[in-house]
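I opened the model today to look up a few things. My notes are below, in the order I took them.

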Amino acid sequence: MSDDFDLLETNSNEKTGKVDVNWGKAIDTMKSKLAQEDDPQSRQKILNATLDDVVHMAEKDRTTLLDAIKDLTDYQDEVGIIFEKFSSLNPDEQRVIDDAQKALERARIELEDARNKPDTWWNNLWGRKSKIKQEEQEFKEAEKVRAGADNKAKAMFQERIESADVQTLLSELSFKSQAAVSRLKNREVEIKEVEDKLQIAIVEATKNHTRALEKKKEVEGKLDDNYALLRQARQQLDEIVDKQSADYAQSVGKVTTLEQKIEELEGLKNAYTTLAASKDSFVHKHNLTIKVLTSLRSNLQTHRAKLKSDTEERLKYYDGYVVALKARTDQEFAAILEHLGVKTDEHIGETLASMHTASAKARQEMMDNIPVHEKVMQGVYSSYAEALQEIRTKDADIQKNFAERYGIDMKEIFEDYYKADATAPSGNDDDGKPAAAPKRETNSDDLLS
């Protein structure tokens, strides 16, 4: 099996920058909100659930997640967690921070270049000092922009997640969990480093405690010798009868010197005694601190291991949840399509049935209208025959009138005309050219000339 399976592995080489913590009430607030999520009606909701209920439940999940993400983001500020290291920023949000950081680095380099330019009268003549002043101002502006970049990116992030779906919020929660794993591991490394320093401090304190005791014993030995000398000097002083003699003065000086020496040694003795006690005290304090830190580090390891493992499993769990939501949507979509299909079938059936009945009715109406048409046409034909009869009667009268008045039988002329041979020459010669018209004789009796 791979060595990566060790969830409790702590490598000090992976340590990142420390974060100052300013503890607030964020944890209590978050715990209070989480405690409010208990719902005694949850069983009844499950028993009576419908697909429509799932929509409301999923929306509640989204709202709860959104509130949690907001609280976590605010909590980051309270405890001093760097925002961009603890949130999954999109490219636009990350670009705000990156651009500000790059601008700050450019301003720093340009300021260093301006300051590194030799301070000569020639360079100063060409604006070295004014250039430095300008670059310092631009660097301050770049620092302000960089300081505000986090807040700007955070505002963009908050605005984005306001309308984010459940999948995005779950991804953000997972990202924060993974970032927390790294943060916990860094904290473990920090604690382990402090433990190592305290272990070294215990060794040093123990050594100093031992040396202080040794020095104390050494001083006590000197004290005993000096006390003996002092007793002897005082005895000699008492034995001198002439208090005004040089011997007496010399003996007083010797006593005073010994008393001063003893006072110094007593001070050293007290100092070494205090130092030994202090070092002994700090040995116990360091031991207690190490125990506390070790316990905290152990708890952090437990939380980190569980959080890391649970986050990996939770990602799969969240994937299932998101897929289930999508499946619910697809199921609803299929139900809508089925409903529309049934309605469409109904409408098409109604249309086809109406078409058939309308066609049958049209056929019946057509059959019913045939006698009516026949009657109409009979009237038309009767009127036509009647009119034709009147015309023929009138024609007969006209023909009779012509015959009586002019001796011409118009009936025969009409009949001869209609019986004329259609193949008779049309008046063209053999070449196809029109035949010359015969010269008409001039007749003075021509009434039409």
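**Ground rules.** I am working with a predicted model, where local features need pLDDT of at least 70, side-chain atom pairs count only at pLDDT 80 or more, and totals for chains, interfaces and linings use all residues. Residues are numbered from 1 along each chain as its sequence is written, and side-chain values use heavy atoms, with hydrogens and water left out.

**Whole chain.** I looked up the secondary structure and found nine helices and zero strands. Both are DSSP runs numbered from the N terminus (helices H or I, at least four residues; strands E, at least two). The pattern along the sequence reads α-α-α-α-α-α-α-α-α. I then checked burial: 21% of the 449 residues are buried. Buried means under 20% relative accessible area, with exposed over 50% and partly exposed in between (1.4 Å probe, protein chains only).

**Helix α4.** I compared the length of α4, residues 91-116, with expectation. Its 26 residues should span 38 Å at 1.5 Å a residue, and the end C-alpha atoms are 36 Å apart, which agrees. The expected span is 1.5 Å times one less than the number of residues. Which residues of α4 are buried? I listed Glu 93, Val 96, Ile 97, Ala 100, Leu 104, Ala 107, Leu 111 and Ala 114. Their cover includes α6 (128-162).

**α4 against α6.** I read a packing angle of about 170 degrees, with the axes 8 Å apart. Axes are lines fitted to C-alpha atoms, for helices over the stretch in contact, and angles run from 0 to 180 degrees between N-to-C directions. The two helices are therefore roughly antiparallel, a label for angles over 145 degrees. The contact of α4 with α6 involves 16 nonpolar residues, one polar and 15 charged. Here Ala, Val, Leu, Ile, Met, Phe, Trp, Tyr, Cys and Pro count as nonpolar, Asp, Glu, Lys and Arg as charged, and the others, Gly among them, as polar.

**Glu 93.** I went back to this residue of α4. Glu 93 counts as buried because its relative accessibility is 1%. Leaving aside neighbours within four places in sequence, Glu 93 touches Ala 153, Met 156, Phe 157 and Arg 160.

**Arg 304.** I found Arg 304 in helix α8, residues 246-406. At 2% relative accessibility, Arg 304 counts as buried. Its C-alpha atom is 9.6 Å from that of Ser 177, 127 residues away along the chain.

Notes
Contact = heavy atoms within 4.5 Å. Parallel < 35°, antiparallel > 145°, perpendicular 65-115°, else oblique.
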